[in-house]
Amino acid sequence: MALLNAQGVTKRFGGLLANDSVDLAVEEGQIVGLIGPNGAGKTTFFNCLSGHLVPDAGTIIFNGRDITRWPAHRVAQAGIARTFQLVKSMGGLTVEENVMIGAFARVDDREEARRKARQVLELVGLLDVADMYPGELPLAVQKQMELARALATEPKLLMLDEVAAGLSPEEIEGFAGLLRKIHREKGLAMLVIEHVMEFVLPLSERVYVLAGGRKIAEGTPDEITNHPAVIEAYLGEGYARAHKR
Amino acid sequence: MLRVRRWIRTIAAVLGLIVFVGTLPSAAQETVKIGVILPLSGPLAPTGQELRRGYELMVDIVNNVYPELAALGLEVAGWNGIPSLGGAKIEPIFADSRGEPAVGADMARRLILEQGVVGLMGAYQSSVTQTVATVAERHGIPLVNSDSSSPTLTTLGYEWFWRVTPHDMIFDDDLFNLLDGLVEGKAPGVPAVPKDSIRRLAVVVENTEFGSATGNDIVNRLAPERGYEVVEYMRYQANSPDLTSETARLVNSGADVYLFASYVSDAILFMRTLALRGAKPTLIWGQNAGFTNPDFVQALGPALHGVLTRSLFIAKIGEVRPIAAAINELYRQRYGTNLSEESAREMLGVLAWAHALNNAGSTNPRALQRALNELDIPGDQLITPWQGIKFGSRRPGEKNQNIYATGMIGQYQYNPETGGVTLEIVYPFEAATADMVFPFPGWD
Amino acid sequence: MDVVLDIGISGVLMGLVYALLALGLTVIFGIMDTVNFAHGEFLMLGMYAGYLTYAYLYPEPLAGVPVAGLVGMLLGVLAYTLLVKRLLSGPPIAQIFGTFGLMLFLRYGALAVFGPNLRSATQGLVVAKRLVVGGLTLDAAKVVAAAGSAFLFGLVYLMLRRTKLGLALQATAANREAARYMGIDTDRMNLIGWALGGATAGMAGALLVNFYYVSPTVGMVFSMITFTTVALGGFGSVPGALIAGILVGLIEVFTAQVISPQLKLAVIYTVFFLVVLFRPRGLLGAR
Ligand SMILES: Nc1ncnc2c1ncn2[C@@H]1O[C@H](COP(=O)(O)OP(=O)(O)O)[C@@H](O)[C@H]1O
Ligand SMILES: [Mg+2]
């Protein structure tokens, strides 16, 4: 049975159907990509999964439990963590404290939370900026901090919303390496929304494509890059030609 | 259609009833209607009720025979209504100003035109009294005031306005009469004191109209006139969260005498802070307001020993005026509390009206105007230690002010035996109920 | 020189009390961006809780402090669950009118229940007592109120910096949405913020009973100063509230001493206005 199984997730904003009966599954330890043009409904789907929005229809089963109407903090405690398209750091708290907040989802003791936070910071390579404030750091580092904070909650599923957006190619490269390392060490499942194809396709075992709120394709990265509907809706001829194997 | 006709019939019946009821009192015709405009609702409603009680009790004394009071020499207590008007009863008609000048004027108009009152009283706040007075003036209906203290009211040349009670400048005069009296050795139980021990004044007033009226009168008129030196004139922020700095300033001014115009909240804070600082002026006086408030007394208790306050009426006067004691007793029986400054004010107003009506022998406005102008009630008819009620002028430009009206100055005195604090009268000197505590003993 | 020290100390003492008042307001604002206009009325009811405990249960105003803390906390919890929570889904203006309405309700409710009279404590360990320290005479009641304020302030500050709950509150204040995804129940944090705000206002009220009168409108006397303190220190900033409180206390006494007593509030508001104009986030406000 899949770790995450979303069925028929539908979300309406007034007259706009942002998610139209979307089905998606993530297996334990699997990395799944979620792609689609701007406004396709990817972030909305994340918001439904993470409890920020309540879907109008559909069910979300996570780890054997129906979490469809759970509030965000319970979803987090159940083991889904996420990062944001636009970084949401906690100003006034240091990097270490930010990550400790994540750790507190699992432990009550302050020192234990600090130890966990430092472990995660070490993993993502941010130990030397632990005492700085997020506002003083470059975007790439803030995104790493968000990742660390999400990891500190010890999730079973990590959802990343456009982590590569706004980063330079080298930084993207670094981030991809970091995610692989985390996947290797922790073996946790990931659901990755991404715009930058070079980043997400090589990373994913399976890819879902959204357009206009609907799932228009799913498959392996290879299948997706060759899928006519996908090419038309999103990738464009140029990309398909360049990546033809 | 049917329903409309039924409605019309109902409305006609109600209207008929109203007209009928409206004609009832005039059909009886044996009453003299006096309209009373008071703040009966709004923030001053409790005060309005106090004023109303005083009015009602005195009307009752005039309208009915009270043998015990008559035996003490109170003329109106022997009356059964106004004698020269065939025993016509005074009928009070109350109207609510809500404390607003425009509403007060409107009420005055209605009382005159719709109720046909022969005279008016009220309206407590000087601003309201002033608009009521202009209406009275226009309609030629007498307005006898006993509850407003703005000095200007009797300087506007009104022909139909008379004031029974003292105004603020008279109250300020009283204070300096007390100070001069101390120097002259007239204060009860206090040998003549050197003027230098009370010459330097600190005037502390809240930064409102009330405060600056008192402050300016003392600083600009009385202190120079009577030869006192104002070493500190402090206008402070009313309702302050803290008065430490103000108090330090006051103490450091080196003044002999502290004079306050404060409402109760600031009055409490000032006294507490002064006490903690161990301030020791020779005299502390308050301009009524906060200084006569029961909450002030409750908050400070024995710490008030020696503090002075001006008041129009202090219940202790009964000790030297039997009539006042008897009326106070009557008031207590009826309302459960002592006569207050407010209720005493309205009693004096009704008393003036009763005599004026009797002297006029008519309810004709001109006759009443003449009777009021010539009114001369002897002091033994009053609950205050005045020489009487007689309207005239005590300063240039003044008109129709009771020339005998004065205030009283009371002193809080702590009695260690009873553990209680009483307000004793120390001024006017001849009405004193106790020896004055002087100098102020301090707070140690 | 003596005067400066004398006045300065009393300014700091009152300033600490203002800081405690500002604390609850700034915590609530920090957590949920809501200005509690009824904060002064929380203080007022804390004062009544303290005074009534003193008058009817135990003749020592200090005994009323824990009672007032509980009453204040309860008030905060009720205000949040019955009123503010329902307003959160509406526009921000609804919250402004909501707590403004609460202010009027509490003030005039107290007027109806307790009457317009001013009540004062007249006995107690520190009521009307002097404390002489190195030649300076201080008001013992104010010293105790200031010490109590400093203590409570320290307690809340430590709680915020050192405990899981404190960090959760701060995280909610810093970024509500992110906090939620870290497993923090932000609705509960709101509630705790209101409980904390009510409790500190209540205890400040009971401390004031030692030297201040109690009346249904007493909240008015303190709320303008409290709002000014919060804005001056920076909305949501706890250390800012402390510094601004002391600053306001000092401005108050020195204006009264050096310039004129009638201008003291005017000067406080001017400083506040200038800060808003040139540093809208306040002295220590975030962002
Ligand atoms: N809270 C919201 N209210 C109204 N419309 C929204 C809201 N969130 C997203 N949308 C709309 O839903 C559509 C999908 O948005 P989003 O999920 O952010 O797309 P993506 O992340 O794929 O770019 C867009 O048209 C967007 O404007
Ligand atoms: Mg998006």
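**Chain A**

I began with chain A and found nine helices and ten strands. Helices here are DSSP runs of H or I with at least four residues, strands are runs of E with at least two, and both are numbered from the N terminus. Before going on I noted the ground rules: this is a predicted model, where local features need pLDDT of at least 70, side-chain atom pairs count only at pLDDT 80 or more, and totals for chains, interfaces and linings use all residues. Residues are numbered from 1 along each chain as its sequence is written, chains are lettered from A and ligands numbered from 1 in the order in which they are written, and side-chain values use heavy atoms, with hydrogens and water left out.

Next I looked up the overall size of chain A. Its C-alpha trace spans about 55 × 40 × 35 Å along the principal axes. The radius of gyration is taken over C-alpha atoms, and the globule rule is 2.2 Å times the number of residues to the power 0.38. For 245 residues a compact globule would come out near 18 Å, and chain A has 18 Å, which agrees. Buried residues make up 56% of the 245 residues in chain A. My cut-offs: buried is under 20% relative accessible area, exposed is over 50%, and partly exposed is in between, with a 1.4 Å probe and protein chains only.

Then I went to the surface of chain A. A:R65, A:R74, A:R106 and A:K156 gather there in a patch of positive charge. Patch residues have over 30% relative accessible area and no salt bridge; like charges are joined within 9 Å, and nonpolar side chains (Val, Leu, Ile, Met, Phe, Trp, Tyr) within 5 Å. The areas come from the Shrake-Rupley method with a 1.4 Å probe, and for residues only the protein chains shown count as cover. Lys and Arg count as positive and Asp and Glu as negative, while His and the chain ends are not counted. The place of a charge is NZ of Lys, CZ of Arg, CG of Asp or CD of Glu. I picked A:R106 and found it in the loop between α3 (95–103) and α4 (110–124) of chain A. A:R106 counts as partly exposed at 31% relative accessibility.

**Chain B**

Chain B has 13 helices and 16 strands. I boxed its C-alpha atoms along the principal axes and got roughly 85 × 55 × 45 Å.

Now salt bridges, meaning a side-chain nitrogen of Lys or Arg within 4 Å of a carboxyl oxygen of Asp or Glu. How many are there over all chains? The count comes to 38.

I checked B:D60 and B:R334, which form a salt bridge with their closest N and O atoms 3.0 Å apart. B:D60 sits in helix α2 (residues 45–63) and B:R334 in helix α11 (residues 322–335) of chain B, so the pair ties together parts 274 residues apart in sequence. B:D60 is partly exposed at 23% relative accessibility, and B:R334 is partly exposed at 39%.

B:D106 and B:R109 also meet in a salt bridge, at 3.7 Å from N to O. They are three residues apart in helix α4 (residues 101–113) of chain B, about one helical turn.

I also looked at B:R366, in helix α13 (residues 365–373) of chain B. B:R366 is exposed, with a relative accessible area of 53%.

**Chain C**

In chain C I found eleven helices and two strands. Along the sequence they follow the pattern α-α-α-α-β-β-α-α-α-α-α-α-α. The radius of gyration of chain C is 19 Å, close to the 19 Å the globule rule gives for 287 residues, so chain C is as compact as a globular protein of that length. Buried residues make up 57% of the 287.

Which residues make a nonpolar surface patch of about 340 Å²? I noted C:F100, C:L104, C:Y108 and C:L111. C:Y108 is in helix α4 (residues 92–114) of chain C and counts as partly exposed at 45% relative accessibility.

My last stop was the salt bridge between the side chains of C:K264 and C:E252, at 3.2 Å from N to O. Are these two residues buried or exposed? Both C:K264 and C:E252 are buried.
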